[in-house]
Amino acid sequence: MPRQDAAVSPGTPLPGRPAAAPPAPGPASAVDAPEAGPAARPAPLAVCVGESMAALLPDRPGPLESVENFSLSVGGAESNVAGALTALGVPSAWISRVGDDGFGRRLLGELAARGVDVSAVAVDPHRPTGVYLKEVGGHTGGRHDLGPGRSRLHYHRRGSAAAALSPALLTDPAAARLLAGARLLHLSGITAALSDDCLALTRALLADRRPGRLVSFDLNWRPALWRERDPSVLPPLLDAADLLLLGADEAEAAFGTGDPHALRERFPSPATLVVKDAARVVTAVGRDGTAVSEPALAVEVVEATGAGDAFAAGYLAGTVRGLDQRRRLRLGHLSAACALTAHGDQAELPPAEVVAALLDAAPEDWAATRVSADGIVSPVLSAPGAPAHTTETAAPGGGAADPRPAAAPALGAP
């Protein structure tokens, strides 16, 4: 369960949190459910650190002024990755701070329901949980309509609870326990942009190198967050990671180039640099310049939000499982494709045997694969004896095939 922060005044650096009773959850919160004991929940192999927010999703496409109602959900880069990793069979934890409010309780409840360990999340009695609104493009043809298949997020996060994350986190017993046992630590550039304390925490986590732990860092360039901050702090952070993920378009905006080999020269330290060129191709480049590229799947996009986080989770899950570079990229593509064909930031992967068939597909069969909200069409799934894809998912304990690939016992090289 999350832990209540000691009372602090806004702007005061946080000490390590004393043990205290968790806040009373609201009637709709999944935190009401009894927490699984150590025997029921595997120890997290991955820990993701960063802000998540309440998400207000429109009831119809079109500009915000045309929306009548919003539904409440949650979202955030690092928690999206934690949830997707858990769904992919990699037990994960998310560490952050939320407000002592209904949005914070909803966020904790949803992540816990996805199987994410939230035991080291602090509940701040003074700062609120951040909020963002999603705007979805439609077919109205109006000047402010983004257009079909496009979306935009509007953030209200200034002064949020997560902005008070600081290096004091490293001395918190609950967080220290999770970090000590993690084989994968996932960070992003968003956290470094939230506040000076968040930047200091990011630096401290990158400096705290431990044998057997891989540190991944996703640029997640957010121009609005950097308008009042100095983006020159970013390159040393990126270069301190073991595994660096960047979108070609965001790298172009932040560093003036989206070329994988130019970025490899700019960031020489990470063992692997992965550059995502949107719907076209993703390239992984090692320190020696060896590159592996894999084309994206053809997808009928429902919503674009969350695809980058889904790709990161798929690629990281493949790394944890010790897959070769091409299969890691394919698992990232497949995870992203499923996110693109679903509403919201989280999506279910097909059954494990379908995933395995696609990861092993010949290049021409991979190129011929099509993904839509109705399912996956691929030559490797239509051949005699091939596994059949279904879009149905089973509730826990159901009889359908488990869609999660099994996690490998050893972490693969980055």
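In which loop does R157 lie?

1. R157 is placed in the loop between β9 (151–156) and α3 (173–181); helices (H or I, at least four residues) and strands (E, at least two) are DSSP runs, numbered from the N terminus. The model is predicted, with local features requiring pLDDT of at least 70 and side-chain atom pairs pLDDT 80 or more, while totals for chains, interfaces and linings use all residues. Residues are numbered from 1 along each chain as its sequence is written, and side-chain values use heavy atoms, without hydrogens and water.

2. R157 has a relative accessible area of 9% and is therefore buried (under 20%; exposed is over 50%, partly exposed in between; 1.4 Å probe, protein chains only). Leaving aside residues up to four places away in sequence, R157 touches E51, M53, G130, V131, I190, L194 and L225, contact being heavy atoms within 4.5 Å.

3. L334 touches L297, L349, V355, L358 and I376, when residues up to four places away in sequence are not counted.

4. The protein chain contains 14 helices and 18 strands. Of its 414 residues, 53% are buried. Among contacts between residues at least 6 apart in sequence, 70% join residues at least 24 apart.
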